[in-house]
Amino acid sequence: MLAIEAYNLSKIYKGTNLPALDNISLKIDQGQIFTLLGRNGAGKTTFVRMCATQLLPTSGTLKVLGYDIITQAENIRKFISVVPQEGRPLRALTPWDHVYNWLKIRGEEKSIAKIKTETILQRFELLKVKDKPAMNLSGGMKQKILVAMATAVDADLLFLDEPTIGLDPVSRRQVWTLIQDLKKEGKTILLTTHYMDEAEILSDKIVIIDNGKIVKEGNINDL
């Protein structure tokens, strides 16, 4: 079974004439890091939001883990986790609050949630600031909270929409290592980025997207 199957997928937002996605078709295998590479406004986030059942297509079909995003959205949501590009942590909550509460919402037992929260905060070097409100943290630390939340849960498929925006070089490398570790654990990752070095280092397969259309696809050697 494929992780994602898109056929003739298009999206036109109300009040616009140009499609955000223009009749794209692609397949994503399970257990790989699949990267959408393109500049801002290329259509990457639109595709991620549709796969995450947050947005309906204008036309075409899209299946995630074998489920149709329109008629079987609830089935999909059990197995995915998302770092949205526009996401922001809640100002008054601490890193511990964000990760621990998210694990509880996703059904973890209290004792397991505590262990997982401490482990993931340690991994992201957030343990020392675990009790500080997000409003008092740097932009990079706020971004790491979101990535920590998404990767703390045991999701089969992760959508990481430009997860290293605003991170310093060391923090970027930490996130890269975690993404590679998740792949070793059998997870599937759909990554979007406009950083070419990030795409080159992490990706099993890359799709270059521009103006809502697929320009080229393949592994790094093909491209």
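**The sheet and its helices**

Start with strands β3 and β8: they run parallel and are joined by five bridges. A word on names: helices (H or I, at least four residues) and strands (E, at least two) are DSSP runs, numbered from the N terminus. Two strands count as paired if DSSP finds at least two bridges between them.

Before going on, the ground rules. This is a predicted model, where local features need pLDDT of at least 70 and side-chain atom pairs count only at pLDDT 80 or more, while totals for chains, interfaces and linings use all residues. Residues are numbered from 1 along each chain as its sequence is written, and side-chain values use heavy atoms, with hydrogens and water left out.

Back to β3. L37 stands opposite T193 in β8. β3 also pairs with β9, again in the parallel sense, over four bridges. There, L36 stands opposite V207 in β9.

How many residues of β3 are buried? Five of the five, so the strand is largely enclosed by the rest of the structure. Buried here means under 20% relative accessible area, exposed means over 50%, and partly exposed is in between (1.4 Å probe, protein chains only). Both faces of β3 are covered. I33, T35 and L37 are buried on one side, F34 and L36 on the other.

Now the whole sheet. It is open, with six strands in the order β6-β7-β8-β3-β9-β10, and the pairing is mixed. β6 (80-83) and β10 stand at the edges with a single partner strand each, so one side of each has no neighbour in the sheet. On average, neighbouring strands are turned by 15 degrees against each other, direction ignored. For angles in general, axes are lines fitted to C-alpha atoms, for helices over the stretch in contact, and angles run from 0 to 180 degrees between N-to-C directions.

I206 has G218 in β10 as its bridge partner. Helix α1 (residues 44-51) packs on the sheet, touching β3 (33-37), β7 (157-161), β8 (188-193) and β9. Its direction makes about 150 degrees with that of β8. Contact, throughout, means heavy atoms within 4.5 Å. Helix α5 lies across β6 and β7, running at about 175 degrees to β6.

Take I209, in strand β9. Buried or exposed? I209 is buried, at a relative accessible area of 2%. I209 and G38 are 171 residues apart in sequence, yet their C-alpha atoms are 5.3 Å apart in space. Setting aside neighbours within four places in sequence, I209 is in contact with L21, L37, G38, A42, G43 and K44.

**The helix pair**

Next, α3 (residues 95-105) and α4 (residues 110-123). They pack at an angle of about 135 degrees, with axes 9 Å apart. That makes α3 oblique to α4. The scheme: under 35 degrees is roughly parallel, over 145 roughly antiparallel, 65 to 115 roughly perpendicular, and the rest oblique.

Which residues meet? From α3, P95, W96, V99, Y100, L103 and K104; from α4, K110, A113, K114, K116, T117, E118, I120 and L121. By class, this contact has eight nonpolar, one polar and five charged residues. Ala, Val, Leu, Ile, Met, Phe, Trp, Tyr, Cys and Pro count as nonpolar, Asp, Glu, Lys and Arg as charged, and the others, Gly among them, as polar.

Look at T117 in α4. T117 counts as buried, at 0% relative accessibility. Not counting residues up to four places away in sequence, T117 touches W96, V99, Y100 and L103.

On the α3 side, the buried residues are P95, H98, V99, Y100 and L103. They pack against α4 and α5 (139-152).

**Backbone points**

Last topic: phi. Most residues other than glycine have a negative phi. Just after α3, G107 takes a positive phi of about 100 degrees. E125 is not a glycine, yet has a positive phi of about 55 degrees. E125 is found in the loop between α4 and α5, and counts as exposed at 53% relative accessibility.

N211 is not a glycine either, and its phi is positive, about 50 degrees. N211 lies in the loop between β9 (205-210) and β10 (213-218). At 53% relative accessibility, N211 counts as exposed.
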